[in-house]
Amino acid sequence: MKVLGAYDFKKEYKELYSPKIVPALVQVPVMSFLMVNGKGNPNTAVEYKQAVEALYTLTYGIKMSKMSGQQPEGYFDFVVPPLEGLWWLEGEPFNGTVLHRKEDFCWLMMLRQPEFVTPAVLEVAKATAKKKKPLVDTSKVYLESFEEGLCAQVMHIGPYDDEPTTIAMLDDFITRSGYLTVMSGRRQHHEIYLSDPNKTEAQKMKTVLRHPVVKI
């Protein structure tokens, strides 16, 4: 794959990362991610902070392997994609009414990876990270392909705590369009974080909200 400049997933897959504020259907292809599972309030759980730190440490390590001259076979430079998360509750449906129950959240945090990232590449990245950043625990990170399939999605603009209103609009669209939300396995409530909450005003933050659907 010949790439001029750093490959940017957000620009190449605008239908996935730049939805409108009006809900729409989207067919999500197979993609490869670094993943970490966990449970608890993302605002307070140390496990969550460690998971995100590990994902970014490894992804930036893979990206910057070009500087050592030991980049993987098929390597091309890329823009680190936005953080993504799958969210659910054990044994309960996940919808806008449960977003206040953060302590009960189960989550799977993810960073998309280029095609050249293999399990072997990940292991090299982990070994490098252990030397350069020994305090970052990357042991729970794994690489997996994920085919989300047919979904409905919408752009949420504003604070995370205001998501229930946008989710209600998304759910209404799904019903009116003759589809049914079905969350199982990897297909769960999906969020893609396009804004850095440390640098963006809460009212201007952009988050992609996506739900898996099937035709009724």
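Visitor: How many aromatic pairs does the structure hold?

Guide: A quick heads-up: this is a predicted model, where local features need pLDDT of at least 70, side-chain atom pairs count only at pLDDT 80 or more, and totals for chains, interfaces and linings use all residues. Residues are numbered from 1 along each chain as its sequence is written, and side-chain values use heavy atoms, with hydrogens and water left out. Rings of Phe, Tyr and Trp (its six-membered ring) pair if their centres lie within 6.5 Å; planes under 30 degrees apart are stacked, over 60 edge-to-face, and the rest tilted. By that rule, the number of aromatic pairs is 12.

Visitor: What kind of pair do Phe-94 and Phe-105 form?

Guide: Their rings are 5.4 Å apart centre to centre, with 55° between the planes.

Visitor: Which residue lies over the face of Phe-78?

Guide: Phe-78 belongs to a cluster linked by ring pairs, along with Tyr-7, Phe-9, Tyr-75, Phe-76 and Phe-116. A charge sits over a ring if NZ of Lys or CZ of Arg is within 6 Å of the ring centre and within 35 degrees of the ring normal. At 5.9 Å from the ring centre of Phe-78, the residue is Lys-63.

Visitor: How many bridges join strand S1 to strand S4?

Guide: Strands (E, at least two residues) and helices (H or I, at least four) are DSSP runs numbered from the N terminus, and two strands pair if DSSP finds at least two bridges between them. S1 covers residues 24-39 and S4 covers 142-157, and they run antiparallel. Ser-32 stands opposite Ser-145 in S4. The bridge count for S1 and S4 is 11.

Visitor: And which residue is the bridge partner of Met-35?

Guide: Look to S3 for this one. S1 and S3 pair in the antiparallel sense over eight bridges. The partner of Met-35 in S3 is Met-110.

Visitor: How many disulfides does the count come to?

Guide: A disulfide is a pair of cysteine sulfur atoms within 2.5 Å. For Cys-106, the nearest cysteine sulfur is that of Cys-151, 20 Å away. Cys-106 is buried at 5% relative accessible area, and Cys-151 is buried at 0%. The disulfide count comes to zero.

Key. Buried < 20%, exposed > 50% of the residue type's maximum accessible area, 1.4 Å probe, protein only.
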